[in-house]
Amino acid sequence: MIYKFRVILDAEEDIFRDIAIESDNTLEDLHNAIVNAFGFDGTETGSFFTCEDDWTWNEEDEIPLFDTGDVPGEMKTMVDFAIEDLMHQDNTKMVYVYDFFNMWTFFVELAAIEENEEGETYPALLFAHGELPAEAMQSGFRGADFNEDDIYGDFNDDLDEEDFDMFDGDDSFEDMGFEENWN
């Protein structure tokens with residue numbers, strides 16, 4: 001069978017590629033097809049992320065290109081998964097991230113499952129829309145809840161500026177009798 005995917009760059013403008021690939025190819029083959037379709041040089045690594053369900057893009061499990069686990073061979077990688085094992089009519093979505101320094105993030109959605117066409121070579125780029133920007137955008141999806149100004153998130157210790165006034169004028173913290181240890 002042939003799986004047809006729409007691979008959408010997480011960006012403000014519409015930038016996507018439609019890719020056809022054989023269902024028994026591996027996720028590594030799909031990774032290479034995406035890298036080629038968007039014109040990357042292929043020198044960076046990437047990962048696929050399964051999604052919790054077919055209604056959301058919430059990431060669940062990571063499937064990396066290379067084994068990065070503590071015990072070699074323990075972690076399954078892209079080459080260990082046939083596309084048809086993870087993607088089918090009941091599970092049509094994955095997230096793909098290329099180049100973890102720049103975080104190019106893509107939504108990969110299964111659009112159709114069709115019979116092989118004789119004489120066609122797969123994987124194949126079926127359609128391209130939009131130009132890849134010079135830099136990856138700050139993702140509106142991955143890490144959308146992260147606020148650079150509030151690194152502690154919802155953490156609240158119930159202290160305010162007045163609570164720190166209790167230390168003003170208190171000299172008991174200055175002389176602990178350990179000066180001889182500091183010389």
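**Exercise 1.** In what order do the 7 strands of the open sheet lie?

*Solution.* This is a predicted model, where local features need pLDDT of at least 70, side-chain atom pairs count only at pLDDT 80 or more, and totals for chains, interfaces and linings use all residues. Residues are numbered from 1 along each chain as its sequence is written, and side-chain values use heavy atoms, with hydrogens and water left out.

Step 1. Strands are DSSP E runs of at least two residues; helices are H or I runs of at least four, and both are numbered from the N terminus.
Step 2. Strands pair if DSSP finds at least two bridges between them.
Step 3. The order is β4-β3-β5-β6-β1-β2-β7, and the pairing is antiparallel.
Step 4. β4 (59-64) and β7 (124-129) are the edge strands, each pairing on one side only.

**Exercise 2.** Take strands β5 and β6, and find the bridge partner of V95.

*Solution.* Step 1. β5 covers residues 93-98 and β6 covers residues 104-114.
Step 1. They pair in the antiparallel sense over 6 bridges.
Step 2. The partner of V95 is F107, in β6.

**Exercise 3.** Which strands does helix α1 touch?

*Solution.* Step 1. Contact means heavy atoms within 4.5 Å.
Step 1. Helix α1 (residues 27-38) packs on the sheet and touches β1 (2-9), β2 (16-22), β3 (46-51), β4, β5, β6 and β7.

Notes. Axes are lines fitted to C-alpha atoms, for helices over the stretch in contact, and angles run from 0 to 180 degrees between N-to-C directions.
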